[in-house]
Amino acid sequence: MSKVIVGNFGEPASALVFSADGAQATLNSKQVRVRMLAAPINPSDLMAIRGEYSKMLDLPAVPGFEGVGRVVESGGGLFGRWLQGKLVSVLPPSAGTWQSDLVVPTTSVIPLPSGMKIDQAATFFVNPATAWLLLTHVTKPRAGSAIVLSAAASALGRMLLRLAKSQGLRTIAVIRRTDQEGLLRELGADATVVYTGDPQQEQAALHSIQVAAAGRPLQFGFDPVGGKTVGLLVKSLSAGGKLVCYGTLSGQPAEVSPRDLMTTGKQIEGFWLADRMAGMSLISKIALIRRLSSLVAGLLRTEVSAVYRLADIKEAVTAAETPGKSGKVLLTMDETSLPTRR
Ligand SMILES: NC(=O)c1ccc[n+]([C@@H]2O[C@H](COP(=O)([O-])OP(=O)(O)OC[C@H]3O[C@@H](n4cnc5c(N)ncnc54)[C@H](OP(=O)(O)O)[C@@H]3O)[C@@H](O)[C@H]2O)c1
């Protein structure tokens, strides 16, 4: 039984400790035991370890909001017994996927096709569901219109780009480094704009976004950065456009002029997957899961840059926050299913 523990909130590389001890928890009739195979290191996990996330961890805690594993024991019940032996995506009610064995309610697992690749199964839900909901439910951009998105080289940004392209949208990718422009073009971005939040870049960035829209209405923008990027994206939208804020990567409060909202009918809206899921009917959740199952190997795939063992958690969290990384960093709990890779 190995796990990663956070005892006190702080910087992940110092706050996290690896432990190889621990007794197995017992099951009640509505729970299953999952032998974990892999889990991603997402920005939300790192915020939770710092004590800065909307869902606070109850310390000491095992972090990890999603992952993949195999059900090895059922506490009972028809569904629990049916789950036995199945490959499942695990979304624990609080957190806890960064460990080898995990007991969760049967309602916290999603059965996956047995042949799904483990790296894609590890990242099955959080980013793919967010990308899908943002582009098909929260907003419904008209085919032929343009969208602008920041942090476009993130795992989620890449999903949004591919999905938007498949919907016939013109895509404008805002990034903070020039060395990602080629990659984003390959992913299907129609234009790339580099903006680091430096006020001196703002006019040129705004002009580039407007030129890149090529006369199409810029109805929607998507921002997980915050700070000055919010102001830039709001300015760049067409009158009546909407910016959806879904992250706080810069740690900065949104800087937007009220005048840009007052005079043009533009809006800013927030999105949080946990909230959205809580308000969804069972039928809509099942439809969403079916849709993701058909798209995670394609438009909603995750590029992986490195895979670490739980014991190497300090290096893993450092790699996950290294600027310009080429893909998602995963943790493996079973190297026969997902070998380490650096
Ligand atoms: N609201 C929700 O329900 C929800 C759900 C899922 C994800 N999210 C959010 O979506 C965002 C992306 O997640 P992910 O898993 O795709 O991330 P990821 O693959 O780990 O990538 C992180 C990205 O953030 C960029 N970044 C980091 N700090 C930045 C800053 N100060 N300014 C500009 N860019 C910065 C990095 O840019 P470089 O490449 O330049 O280093 C990198 O591309 C996160 O904020 C996450 O919390 C929200």
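Residue numbers start from 1 along each chain as its sequence is written. In this predicted model, local features need pLDDT of at least 70, side-chain atom pairs count only at pLDDT 80 or more, and totals for chains, interfaces and linings use all residues, while side-chain values use heavy atoms, without hydrogens and water.

**The ligand site**

There are 25 residues around the ligand. To be near, a residue needs a heavy atom within 4 Å. Leu 156, Gln 180, Leu 273, Gly 324 and Lys 328 come nearest. The shell holds 13 nonpolar, 8 polar (Gly among them) and 4 charged residues.

| Residue | Atom of the residue | Distance to a ligand oxygen |
|---|---|---|
| Asn 127 | polar side-chain atom | 3.0 Å |
| Ser 154 | backbone N or O | 3.4 Å |
| Leu 273 | backbone N or O | 2.6 Å |

On its own, the ligand has 940 Å² of accessible area (Shrake-Rupley, 1.4 Å probe), and the protein covers 86% of that. Helices here are DSSP runs (H or I) of at least four residues. Helix H5 (126-138) and helix H6 (155-166) each give two or more residues to the shell. H5 gives the most, with 3 residues. Domain 1 (3-123 + 302-332) and domain 2 (128-274) each supply at least three.

**The core**

The largest nonpolar core has 53 residues. Its members are buried (under 20% relative accessible area, 1.4 Å probe, protein chains only) and joined through side-chain atoms within 4.5 Å. Val 68, Phe 125, Leu 160, Leu 184, Phe 222 and Leu 288 touch the most other members. H5 provides the largest share of this core, 8 residues. The core lies between domain 1 and domain 2 because both give residues to it.

Note on methods. Polar contact = N/O pair within 3.5 Å; in protein donor to acceptor, adjacent residues only side chain to side chain. Domains from an automatic or database assignment. Buried < 20%, exposed > 50% of the residue type's maximum accessible area, 1.4 Å probe, protein only.
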